[in-house]
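Colleague: I'm new to reading structures, and I'd like to know where the labels come from. Can we look at one together?

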Amino acid sequence: MIITVASGKGGTGKTTVAVNMALSLENVQLLDCDVEEPNSHILLQPEIHETKPVYTRVPVISEELCDYCGKCSAFCAYNALFVAQKTVVVFPELCHSCGGCALVCPKNAITEKDRQIGVIKKGEAKGVELVYGELDVGESMSVPLIRAVKNQMKKNKNVVIDAPPGTACSLVASVHKTDYCILVTEPTPFGLHDLKITVQVLKDLGVPMGVVINRAGLGDRKVYEYCEEENIPVLLEIPFSRKIAELYSRGVPFVAEMPEWKEKFLEVRDAIKR
Amino acid sequence: MMVKEITVLSGKGGTGKTSVTASLAVLTQRTVLTDCDVDAPDLHMLLKPEVLEKQEFKASRVAVMDKDKCVQCGKCEEHCRFGAIENLTIDPVLCEGCGVCVYVCPVAAIEMEKRVSGYAFISKTKYGPMSHALLNPGEENSGKLVSLVRENAKKVAEKENCELIINDGPPGIGCPVIASVSGVDLGLIVVEPTLSGIHDMERALGLLDHFKIPSLVCVNKYDLNEENTSRIVEFCGSNGVEVVGKIPFDQIVTESMVAGKPIVEYSPESRVSKAIAELWKQTLKRI
């Protein structure tokens with residue numbers, strides 16, 4: 001079973017839920033797809049046994065063969081190539097690696113080379129197998145790195161995916177083709193507003209979902225009313241507690257100090273299975 | 001007159017970017033506010049903009065197949081690098097709109113269709129003009145929409161004779177964040193005193209440094225873990241970054257959010273409001 005933990009709004013507690021869930025399950029793999037700001041490893045402190053670079057492919061123009069016809073730049077949907085009178089400029093950070101430019105070039109002047117966008121790290125801690133991506137600072141292409149993290153998925157394991165915040169392509173890349181999505185929200189107007197957008201993404205993708213309300217007791221009741229209207233189950237409430245906030249601030253997953261919560265995460269898993 | 005531009009960012013989500021930005025809107029005059037978090041925007045819930053102009057944002061394309069024309073040669077599937085074609089069916093979620101399938105199809109069974117990816121808005125609020133947007137759920141191209149929001153803000157700033165643009169940035173350090181900070185005069189990082197917050201702040205500072213943008217840091221909810229707050233101050237000190245403010249934790253911030261008002265307006269005498277006013281005073285000296 002593949003469970004994604006997502007939220008829309010940042011800082012609602014995705015990583016807290018994903019890590020504590022992973023620590024409560026057996027035979028589990030945690031994939032941290034928040035490649036811009038991965039945090040699961042801070043809570044898990046894994047021993048890293050493998051680091052490997054992730055590349056995308058970008059065009060290389062042979063100045064010898066190129067006759068500056070401009071077909072490549074006309075084709076490129078991402079404005080990653082610019083052809084002037086006697087030169088071709090490639091903007092690798094805009095390239096999506098579709099390979100179209102090489103296909104349309106009548107002179108076969110285009111080949112491709114690897115460009116590193118980040119790394120994948122693999123490790124293990126407390127019985128959890130962790131894989132996470134780390135986007136190079138200054139790099140904009142997070143989706144190929146998210147896909148590379150997801151390619152490490154082991155289907156014979158219970159997989160938990162920690163998704164990035166937001167509701168755009170990075171979320172879609174993380175949650176697409178997973179069995180269930182846990183939406184972590186807080187009972188505030190911002191939490192609710194971003195939750196609604198995320199619910200729309202999941203409906204469009206056809207991924208079943210349930211809500212975990214973090215920092216319950218703060219804010220108002222509108223998130224609860226919304227979930228009832230939309231028939232979205234509230235799987236768990238994590239109360240606003242200075243102790244939990246303080247544990248998080250020190251990088252301690254709260255099930256480690258409050259083991260009674262493991263049972264609650266297992267109940268969530270059982271509710272999802274039903 | 002040159003318009004100055006500041007982006008509020010954080011790396012980690014939920015550290016208080018929008019609460020701080022909304023308060024700065026109250027504390028400043030002749031300022032254009034923008035919300036550069038185009039896929040999960042929240043600033044409008046505090047500033048309550050009245051929309052004056054709405055623009056369609058069409059940046060992406062998606063491949064559409066005419067199954068009646070398809071001769072099932074499989075070339076599209078073979079050439080698609082995004083795994084978006086399986087069993088001769090296009091998955092619009094995975095399609096990145098490159099057009100390779102259209103090019104390789106021998107019978108012209110595939111076409112690219114433009115899709116509306118979102119909307120940009122120019123609005124007025126009681127705190128000044130606002131430029132914002134809404135990306136359609138699950139869309140790509142958030143970076144391009146952020147660029148449009150900032151272009152609109154610059155136009156409005158010139159027209160309305162404003163001196164400053166304050167951008168509320170998205171979380172992360174990827175595409176939309178890069179679009180939010182490129183070329184600004186200052187990045188103001190809002191960090192929370194957690195290990196994750198510190199880790200993400202370091203990456204956000206790295207990003208600003210990469211683009212040669214001056215940075216300032218303020219610590220939000222600093223008293224939730226004073227040891228980590230000291231670490232932040234130390235880290236910034238040894239990296240030549242100034243910490244311009246420390247905002248205490250107070251549930252009144254959540255109350256003000258529920259009331260739909262910036263905290264400095266909702267409770268001007270609160271400790272939080274005073275801390276924000278002080279941090280803004282310090283920030284202004286450094287622009």
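Colleague: How many residues does the contact take from chain A and from chain B?

Modeller: Keep in mind that this is a predicted model. The contact takes 51 residues from chain A and 51 residues from chain B. On the side of chain A that touches chain B, the elements giving two or more residues are α4 (100-104), α6 (169-175), α7 and α9 (242-249) of chain A. α7(A) gives the most, with nine residues.

Colleague: What classes of residue does the side of chain A that touches chain B have?

Modeller: That side has 21 nonpolar, 22 polar and eight charged residues.

Colleague: Now the sheet in chain A. What makes β3 and β11 of chain A edge strands?

Modeller: Start with the order, which is β3-β6-β7-β2-β8-β1-β9-β10-β11 (chain A), nine strands in an open sheet with mixed pairing. β3 (47-61) and β11 (234-239) of chain A each have a single partner strand, so one side of each has no neighbour in the sheet. From one strand to the next, the twist averages 20 degrees.

Colleague: How do you know that β3(A) and β6 of chain A pair?

Modeller: Two strands pair if there are at least two bridges between them. β3(A) and β6 (residues 110-125) of chain A have 14 bridges, in the antiparallel sense, so they pair. As one example, A:E50 has A:K122 in β6(A) as its bridge partner.

Colleague: Which helices lie on that sheet?

Modeller: Helix α1 (residues 14-24) of chain A lies across β1, β2, β7, β8, β9 and β10 of chain A, at about 165 degrees to β8(A). Helix α7 (residues 189-205) of chain A packs on the sheet too, touching β1, β9 and β10 of chain A. The direction of α7(A) makes about 170 degrees with that of β9(A).

Colleague: Why are α7(A) and α8(A) called roughly parallel to each other?

Modeller: Angles under 35 degrees count as roughly parallel. α7(A) and helix α8 (residues 222-229) of chain A pack at about 25 degrees, with axes 9 Å apart. That is why they are called roughly parallel. The contact is made by A:G191, A:L192 and A:L195 of α7(A) and A:K222, A:V223 and A:Y226 of α8(A). By class, those residues divide into four nonpolar, one polar and one charged.

Colleague: On to chain B. What makes β3 and β13 of chain B edge strands?

Modeller: Chain B has an open sheet of nine strands in the order β3-β8-β9-β2-β10-β1-β11-β12-β13 (chain B), with mixed pairing. Each of β3 (50-57) and β13 (242-247) of chain B has a single partner strand, so one side of each is left without a neighbour in the sheet.

Colleague: What makes the pairing in that sheet mixed?

Modeller: Look at its two ends. Five bridges join β12 (residues 215-220) of chain B to β13(B), and these strands run parallel; there, B:V219 stands opposite B:K246. Seven bridges join β3(B) to β8 (residues 118-125) of chain B, but these run antiparallel, with B:E53 opposite B:I122. Parallel pairs and antiparallel pairs both occur, and the pairing is mixed.

Colleague: Which strands form a hairpin there, and how many residues lie between them?

Modeller: β8(B) and β9(B) form a hairpin with two residues between them. They run antiparallel, joined by eight bridges, and B:F121 stands opposite B:H132 in β9(B).

Colleague: How do you know that the span of helix α5 of chain B agrees with its number of residues?

Modeller: At 1.5 Å a residue, the 18 residues of α5 (residues 142-159) of chain B should span 26 Å. The end C-alpha atoms are 26 Å apart, so that agrees. Buried residues of α5(B) include B:L145, B:V149 and B:R150. Among the elements covering the buried residues of α5(B) are β2, β3 and α6 (175-181) of chain B.

Colleague: Last one: does A:N39 count as buried or exposed, and why?

Modeller: The cut-off for buried is 20 or more other C-beta atoms within 10 Å. A:N39 has 26 such neighbours, so A:N39 counts as buried. A:N39 sits in the loop between β2 and α2 (40-44) of chain A. Leaving aside neighbours within four places in sequence, A:N39 is in contact with A:T15, A:D34, B:S196 and B:H199.

Key
Residues numbered from 1 in each chain as written. Chains lettered and ligands numbered in written order. Predicted model: local features only at pLDDT ≥ 70, side-chain atom pairs only at ≥ 80, totals over all residues. Helix = DSSP H or I, 4+ residues; strand = E, 2+ residues; numbered from the N terminus. Axes fitted to C-alpha atoms, helices over the stretch in contact; angles between N-to-C directions. Contact = placed C-beta atoms within 7 Å. Parallel < 35°, antiparallel > 145°, perpendicular 65-115°, else oblique. Nonpolar A, V, L, I, M, F, W, Y, C, P; charged D, E, K, R; others polar. Expected span 1.5 Å × (residues − 1). Buried ≥ 20, exposed ≤ 12 C-beta atoms within 10 Å, placed from the backbone.
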